[in-house]
Amino acid sequence: MIERIVHEQLDDLEKAGPGADLVEVFTESVSSRVMCEMIGVPESERKSLQRHVETLGRLSSTVPEALAAVSGMSGFLARFVPSRMGDPRDDILGDLIRGGQLTEQELMGMTATLITGAFDTTGNMLAMGVYTLLEHPDQLVKLQEDPELMGAAVEELLRFLTISHLGASRWALEDVEFAGRTIKKGEVVTVALPAVNRDPERYENPDQLDIGRTDHGHLGLGHGVHQCLGQHLARTILRVGYEALFDRFPTLRLAVPADEVPMRDDCVHYGPRSLRVTWDD
C-alpha cells in the first residue's frame with residue numbers, strides 16, 4: 001500500500017514537471033494518504049484534516065485559528081468514529097472497535113493522535129531528509145551506489161535532523177540525582193532532543209551527516225514507554241519514499257538556492273514549508 005501511494009505521488013510529481021513543490025505534491029500527500037487508508041478516513045476529508053493539523057502545529061497560529069482547527073477536527077471525529085462503531089471495517093479503527101476495550105471518546109482521541117502524528121511528523125521528516133541529502137551530495141551518491149545503506153541512512157537522518165526540536169517534557173516521580181544535581185519530585189524536565197542527538201560524548205563527529213554510521217541509538221523517536229507509536233510505520237514510509245524518489249529522479253536537485261528554501265521555523269516539527277525541485281528530463 002505504501003509503495004502504491006508513493007509511486008502514485010511520484011507520477012503526479014512527474015506530471016507537475018521540474019520546478020514542482022515536492023512538499024505539496026509528494027511528501028505531504030504520501031504521509032497523509034497512508035494514514036488515511038490505514039484508519040479508513042475518506043479521501044474527501046484528507047485536505048481539510050491536513051489544514052487543521054497544520055494550524056495546530058503552527059506556534060504562530062492565533063487563538064481563533066487554533067480554536068477553529070480544534071472545532072474542525074472535533075467535528076470530523078464526532079461524525080466519523082460513531083459512524084464506524086456500528087460498522088467496523090478492515091482497518092486500524094475497525095480493529096480497535098472490535099477489541100471492545102475503548103470507549104467512543106477514547107477511540108476519537110486515538111484517531112486524532114494517529115492523524116496528527118502521521119500528517120505532521122512523517123511528512124516533514126520525508127521532506128527534510130530529501131533537502132538534507134540534496135545538500136550533502138557525497139552522501140546521496142554513496143546511498144545511490146549502495147541501496148543497502150538505506151536503513152542506516154534513515155536512522156542517521158533521524159538523528160542528524162531531530163525535527164521534533166521542542167524537546168520532550170518529563171515529570172519526576174521522585175527525587176533523582178543526575179550529573180551532580182538533584183531533580184526534585186514533581187519538577188518538570190525538558191530534554192533538548194537535538195542536543196542529545198548531537199552529543200559529542202555519545203557520537204563521533206556528531207555534526208557530520210554519515211549514512212554509514214552504525215552507532216545509532218538516537219532519541220529522534222523518543223525513549224522507553226514514550227517512544228513514537230508509529231515509529232515502524234514512519235521508518236517504512238521514509239525508506240520506501242527516499243528509495244523510490246531518487247530511483248525515479250536520479251538527477252533530482254533543488255530548483256532554488258538552499259538558503260531560499262522557506263522553513264517551518266514557527267512550528268512544533270521542523271521541515272521545509274515548500275521544496276521546489278528540478279531534474280533532467
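Helices are DSSP runs of H or I with at least four residues, numbered from the N terminus. A pocket is an open set of points on a 1 Å grid over the protein atoms alone, where a 1.4 Å probe fits, with protein on both sides within 12 Å along at least five of seven lines; its lining residues have an atom within 4 Å of a point.

The model is predicted, and local features need pLDDT of at least 70, while totals for linings use all residues. Residues are numbered from 1 along each chain as its sequence is written.

**The second largest pocket**

This pocket holds about 280 Å³ of space, the volume being the space filled by probe spheres set on the points. Its lining has 17 residues, and V23, E28, E54, R264 and R273 lie nearest the centre. The largest share, five residues, comes from α6. By class, the lining has six nonpolar, four polar and seven charged residues.

Helices that each supply at least two lining residues:

| Helix | Residues |
|---|---|
| α2 | 22–39 |
| α3 | 43–57 |
| α6 | 104–134 |

**Helix α1**

Helix α1 spans residues 2–16 and reaches 21 Å from its first C-alpha to its last, close to the 21 Å expected at 1.5 Å a residue. In α1, I2, I5, V6, Q9, L10 and L13 are buried (under 20% relative accessible area, 1.4 Å probe, protein chains only). They lie on the same side of α1 because they cover an arc of only 135° around the axis. Their cover includes α2 and α10. The face turned away from this buried side carries E3 and K15, which are exposed (over 50%). After α1 comes G17, with a positive phi near 85°.

Note on methods
This is a predicted model: local features need pLDDT of at least 70, side-chain atom pairs count only at pLDDT 80 or more; totals for chains, interfaces and linings use all residues. Side-chain values use heavy atoms; hydrogens and water are left out. Ala, Val, Leu, Ile, Met, Phe, Trp, Tyr, Cys and Pro count as nonpolar, Asp, Glu, Lys and Arg as charged, and the others, Gly among them, as polar. The expected span of a helix is 1.5 Å times one less than its number of residues. The arc is that of the directions from the helix axis to the C-beta atoms. Contact means heavy atoms within 4.5 Å.
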